[in-house]
Amino acid sequence: MSKLRINPRTEQKIISYLLYFLTSIAIIVLIFILTVILKNGLPQLSLEFLTRNPADMGREGGILSTILATVFLTFIALLVATPLGVGTAIYLTEYTLEGRVTKIIRFGAECLAGIPSIIFGLFGFILFVNKLKFGWSILSGGLTLAFMILPTIIRTSEEAIKSVPPAYRLVSFSLGSTRWQTVTKVVLPSAIPGIVTGVILSIGRSIGETAAVIFTAGSALRMPTSIFSSSRTMAVHFYILAKEGVSMPKAYGTAAVLVISILVVNLLTYYLMEKYIKRKS
Amino acid sequence: MREVAIQVEHLSHYYGPHRSLKDINLQVYRNEILGIIGPAKSGKSTFLSCLNRLNDLIPGSRVEGKILVDGQDIYGPGVDVVALRRKLGIVFATPIPLPMSIYENVVYGVRLLGKNNRRELDQIVEESLEKAGLWGEVKDRLQTSALKLSGGQQQRLCIARVLALKPDYILLDEPTSGLDPISTMKIEDSLRTLKANYTIILVTNNTKQAARVADRTAFS
């Protein structure tokens with residue numbers, strides 16, 4: 001028997017090369033995507049591209065209005081989804097006992113996470129655009145995105161809150177705090193890095209979302225003037241430019257801005273978080 | 001005749017169907033140190049958490065019998081549990097500093113009452129740390145994280161944190177079980193001084209400690 005076995009040291013070597021290989025594939029895919037986008041997109045970028053509105057259906061000019069539309073939409077989505085999501089997570093972890101109700105709520109949130117974004121678009125179109133008469137607008141789009149990212153925020157916040165040592169809660173209660181004081185003074189401060197991670201993931205999803213937004217925010221190229229303006233986000237702009245063959249160079253330019261902004265948001269948040277946490281402990 | 005501060009009558013405690021304490025009757029006198037010793041898992045910690053109702057937080061926990069603290073039935077109706085926990089401060093076996101500065105740890109319970117006057121807080125911090133025998137070691141670094149203190153220092157910080165609440169009773173749950181002899185000695189020293197102003201219940205699994213510190217000792 002023992003003769004058939006591979007020498008553990010050889011086995012160890014093979015496995016580590018194999019795992020290294022698998023990891024490299026993941027990285028190579030990322031590098032490949034970034035290279036294609038940036039190689040085609042970067043030459044398009046200029047101050048003018050970022051500061052001027054699209055002209056002639058997007059063939060000329062820049063993408064300023066789509067950048068602003070993206071920012072507003074994402075902002076509204078986070079404004080709505082963060083309190084809702086964190087609140088739900090606090091309720092599930094701190095205010096109820098594990099039982100059938102929490103299981104149902106959690107299952108519901110998970111189902112919500114599995115729904116394709118185009119269905120959210122349809123839902124937003126029916127509810128916000130038609131029923132509530134918000135029309136194709138930043139508000140409709142933002143609210144739709146809010147529901148789309150809600151499960152992510154609930155899930156990551158819940159994990160973050162659960163990872164706070166139970167002993168902290170016990171100590172807090174023993175020093176005469178109410179449940180809410182324990183949540184705000186001990187639990188949330190320790191859970192913030194995890195919650196922020198969920199929010200960043202959601203920002204990325206919101207910025208890049210197309211299907212849910214095209215149905216609810218529309219695709220008008222005008223500069224948004226209020227939350228009731230119909231407007232086109234960067235992702236939608238890219239989709240239309242590329243799909244209708246309006247202008248591939250402009251499409252790549254938009255894609256480059258999209259990718260870079262997501263990278264910047266991620267890096268900036270991690271930097272701030274690192275700084276904030278280091279200062280605290 | 002000494003004044004009875006806590007009167008426990010026919011106390012039984014259950015975790016779900018499992019009975020953890022059976023028909024306990026005892027008195028705690030004012031300004032004494034009552035030692036409680038007994039084997040592991042014999043319900044010593046449960047007994048302490050019955051006294052300040054921390055067991056309320058555990059699902060399935062149930063109490064029978066009566067506990068009178070200063071004549072008040074603490075499981076009776078209309079008891080302010082939050083105020084009760086301030087009156088009977090507890091120190092756990094493992095020192096658990098909250099992830100904040102030494103200063104903020106000490107004033108944590110005080111701030112919960114909405115007291116934020118800096119001068120008042122400063123004074124409470126100095127007094128409490130002094131009584132817990134930690135002031136000299138940390139007075140120059142009150143703003144550093146409490147997590148950076150040694151185990152013995154952390155435990156004395158936990159005692160200071162309880163003292164800052166101005167409790168009438170201090171419950172200690174094997175407070176020196178994880179500490180070195182010198183830290184243990186320091187904590188025992190402060191307990192002897194604290195006796196003058198507080199009523200102390202000390203759970204320990206060390207009979208020598210009970211003999212050194214306690215006035216009377218109960219066995220579980």
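The model is predicted.

**Stop 1: the contact between chains A and B**

Select chains A and B together. Chain B supplies 17 residues to their contact, and chain A supplies 15 residues. On the side of chain B that touches chain A, the elements giving two or more residues are α2 (81-87) and α3 (102-112) of chain B. By class, this side of chain B consists of 12 nonpolar, two polar and three charged residues.

**Stop 2: the domains of chain A**

Next, select residues 8-44 of chain A, which are assigned to domain 1, and then residues 47-280, which are assigned to domain 2. The centres of these two domains of chain A, taken over C-alpha atoms, are 29 Å apart. Where the domains meet, domain 1 of chain A contributes seven residues and domain 2 of chain A contributes eight residues. The side belonging to domain 1 of chain A has four nonpolar, three polar and no charged residues.

**Stop 3: helices α3 and α4 of chain B**

Return to chain B and select α3(B) together with helix α4 (residues 118-131) of chain B. At what angle do the axes of α3(B) and α4(B) cross? The axes come within 10 Å and cross at roughly 110°. The two helices, α3(B) and α4(B), are therefore roughly perpendicular to each other.

Now display the side chains between them. From α3(B), select Tyr103(B), Val106(B), Val107(B) and Val110(B); these meet Leu121(B), Ile124(B), Val125(B), Ser128(B) and Leu129(B) of α4(B). This contact of α3(B) with α4(B) comprises eight nonpolar residues, one polar residue and no charged residues.

Terms used
Residues numbered from 1 in each chain as written. Chains lettered and ligands numbered in written order. Predicted model: local features only at pLDDT ≥ 70, side-chain atom pairs only at ≥ 80, totals over all residues. Contact = placed C-beta atoms within 7 Å. Helix = DSSP H or I, 4+ residues; strand = E, 2+ residues; numbered from the N terminus. Nonpolar A, V, L, I, M, F, W, Y, C, P; charged D, E, K, R; others polar. Domains from an automatic or database assignment. Axes fitted to C-alpha atoms, helices over the stretch in contact; angles between N-to-C directions. Parallel < 35°, antiparallel > 145°, perpendicular 65-115°, else oblique.
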